[in-house]
Amino acid sequence: MTKTPYKKCVHCGKCLSSCPSYRFFLKESFSPRGRNLLIAKNIDSYSFNYCLLCERCSKVCPQGISFPESYIKAKFSKGSFVLHPSDSLIFLKVLPFNQIQIRELDEKKLSPYFKEGDFYVYLSCGLKHLYPEALELTLSKIRHSPMKPHIPEGQGCCGIVFLGLGAKEVVKNYAKKLLTLFSEKKTLLTFCATCLWMIKRVYPQLFDVEQEKAAFEDLANRTYFVIEFLRKMDYSLNLKEKDDILYHLPCHLDFSLTSELNLLKGRIEDFCCGSAKLTLWLRGFQREFSKHWRRRTLDKEVLATACTGCYLNFSSQLRYPPKVKHWLELWV
Ligand code: SF4
Ligand code: SF4
């Protein structure tokens, strides 16, 4: 029998200081170690709602223990939701933001040009509604490449919003829809760190039937963050370097971008945005949390990130300057 994550824990405490949620509440039950103990004892705690699903704990833990993994295995089994929109950002149209407008990228106009191709591009909610310029600029830069993008019509959300709400069946439906759209054995590119994490780390954990699990593992193996892939294609990916531009490294990007960090030495900062999890938004957690990172952008004109949730958080909390952008909008 495999050990439960808590039984593997050596109680070193390394995960505490790197957990944004623990640093905010300063209570053991809000730490990765404490949450894993609660899970092991089968106790439901409202501290689980304050886990940002950032996986910072697993990066520092000598035993590789990830609270989100334990949570998905043990607790993630609530029923379906009636509400099941394809784009989760549609709801946000009504909310007041300091500096963003929710946009509509017309997929129908785009798809005829990219009906077939050598690699897939995932039109995530962020790419469609927050930073479509990142896609437009990338498509214009690679237009002469022998490798052509394939952008199927009818794409939607990766399901992260419903992961935060514990709705397993809903997230599985989102996962299945993406697998159907990206069924051919081609590389899949995403512009969003959290979509990357969902496809690579979460989807394979949701399915027990061997054939389904294998299909999602295959999808995970062929999914890349866009910058990683462009580098493999030998694009000289020069991102603007100026003292007043700060590149934010989203939590979910770290494990696949290490070779790219040298590109922007001294311009990247690794801090947690506070998460775009709905339960946290509703309780105003981000407003409090933002004090920690607001100070770091005092002298910046641009704060560039590469994740839909981080983009939303920064845009909702920050007044210009800094202007919030996607990394790929700064490709020169
Ligand atoms: S995923 Fe993030 S917020 Fe959740 S326990 Fe781990 S470090 Fe803390
Ligand atoms: S870092 Fe890992 S081993 Fe150490 S206390 Fe946290 S969960 Fe336990």
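Trainee: Where does Arg 201 lie?

Mentor: This is a predicted model, so read every feature as a prediction. Arg 201 lies in helix H12.

Trainee: Is Arg 201 buried, exposed or partly exposed?

Mentor: Count the C-beta atoms around the residue. A residue with 20 or more others within 10 Å is buried, and one with 12 or fewer is exposed. Arg 201 has 19 C-beta neighbours inside 10 Å, so Arg 201 counts as partly exposed.

Trainee: How far apart are Arg 201 and His 252 in sequence and in space?

Mentor: In sequence, 51 residues separate them. In space, their C-alpha atoms are 9.9 Å apart. Now take another pair. Lys 242 and Cys 195 are 47 residues apart in sequence, and their C-alpha atoms are 28 Å apart.

Trainee: Where is Lys 242 found?

Mentor: Lys 242 is in the loop between H14 and strand S5 (245-248). Lys 242 is exposed, because 11 other C-beta atoms lie within 10 Å.

Trainee: How do I read a nonpolar core? Which residues have the most contacts inside the largest one?

Mentor: Start with the general idea. In soluble globular proteins, nonpolar side chains tend to be buried together. Here the largest nonpolar core has 84 residues. Cys 158, Val 171, Ala 193, Met 198, Tyr 203 and Tyr 311 have the most contacts inside it. Helix H12, residues 193-206, gives the most to this core, with nine residues.

Trainee: Which residues are in contact with Cys 158?

Mentor: Set aside neighbours within four places in sequence. Then Cys 158 is in contact with Ser 124, Tyr 174, Leu 178, Cys 195, Met 198 and Ile 199.

Trainee: How do I read a helix such as H11? What is its span?

Mentor: Helix H11 covers residues 168-181, 14 residues in total. From first C-alpha to last, H11 reaches 20 Å, close to the 20 Å expected at 1.5 Å a residue.

Trainee: Which residues of H11 are buried?

Mentor: Recall the general rule. An α-helix has 3.6 residues a turn, so residues three or four places apart point the same way. In H11 the buried residues are Val 170, Val 171, Tyr 174, Ala 175 and Leu 178. They sit on the same side of H11, because they cover an arc of only 140 degrees around the axis.

Trainee: What do the buried residues of H11 pack against?

Mentor: They pack against helix H10 (160-164), H12 and helix H13 (210-221).

Trainee: Let me try helix H9. Which of its residues are buried?

Mentor: In helix H9, residues 132-141, they are Pro 132, Ala 134, Leu 135 and Thr 138. Their arc around the axis is only 155 degrees, which puts them on the same side of H9. The buried residues of H9 pack against helix H8 (125-129), helix H14 (226-232) and S8.

Trainee: Now the ligands. Which residues come nearest to ligand 1?

Mentor: Of the 14 residues around ligand 1, Cys 19, Cys 51, Cys 54, Cys 57 and Phe 67 come nearest. Helix H3 (20-25), H4, helix H5 (56-60) and helix H6 (67-74) each give two or more residues to this shell. By class, the shell around ligand 1 has 10 nonpolar, one polar and three charged residues.

Trainee: How many residues surround ligand 2?

Mentor: There are 13, and the closest are Cys 9, Cys 12, Lys 14, Cys 15 and Cys 61. Helix H2 (14-18) and helix H4 (32-40) each supply at least two residues of the shell around ligand 2. That shell divides into eight nonpolar, three polar and two charged residues.

Trainee: On to the backbone. What is phi at His 11?

Mentor: Phi of His 11 is near 60 degrees, a positive value in a residue other than glycine. His 11 lies in the loop between helix H1 (5-8) and H2. His 11 counts as exposed because it has 8 C-beta neighbours inside 10 Å.

Trainee: And what is phi at Asn 42?

Mentor: Asn 42 has a positive phi of about 60 degrees, though Asn 42 is not a glycine. Asn 42 lies in the loop between H4 and H5. With 8 other C-beta atoms within 10 Å, Asn 42 is exposed.

Trainee: What is omega for the peptide bond from Tyr 320 to Pro 321?

Mentor: Omega is near -15 degrees, and the bond is cis. A cis peptide bond also joins Pro 321 and Pro 322, with omega about 0 degrees. Pro 321 lies in the loop between helix H18 (308-317) and strand S8 (323-326). Pro 322 is found in the loop between H18 and S8.

Terms used: Residues are numbered from 1 along each chain as its sequence is written. Chains are lettered from A and ligands numbered from 1 in the order in which they are written. This is a predicted model: local features need pLDDT of at least 70, side-chain atom pairs count only at pLDDT 80 or more; totals for chains, interfaces and linings use all residues. A residue is near a molecule or strand if its C-beta atom, placed from the backbone, lies within 6 Å of it. Helices (H or I, at least four residues) and strands (E, at least two) are DSSP runs, numbered from the N terminus. Ala, Val, Leu, Ile, Met, Phe, Trp, Tyr, Cys and Pro count as nonpolar, Asp, Glu, Lys and Arg as charged, and the others, Gly among them, as polar. A nonpolar core is a set of buried Ala, Val, Leu, Ile, Met, Phe, Trp, Tyr and Cys residues joined through C-beta atoms within 7 Å. Two residues are in contact if their C-beta atoms, placed from the backbone, lie within 7 Å. The expected span of a helix is 1.5 Å times one less than its number of residues. The arc is that of the directions from the helix axis to the C-beta atoms.
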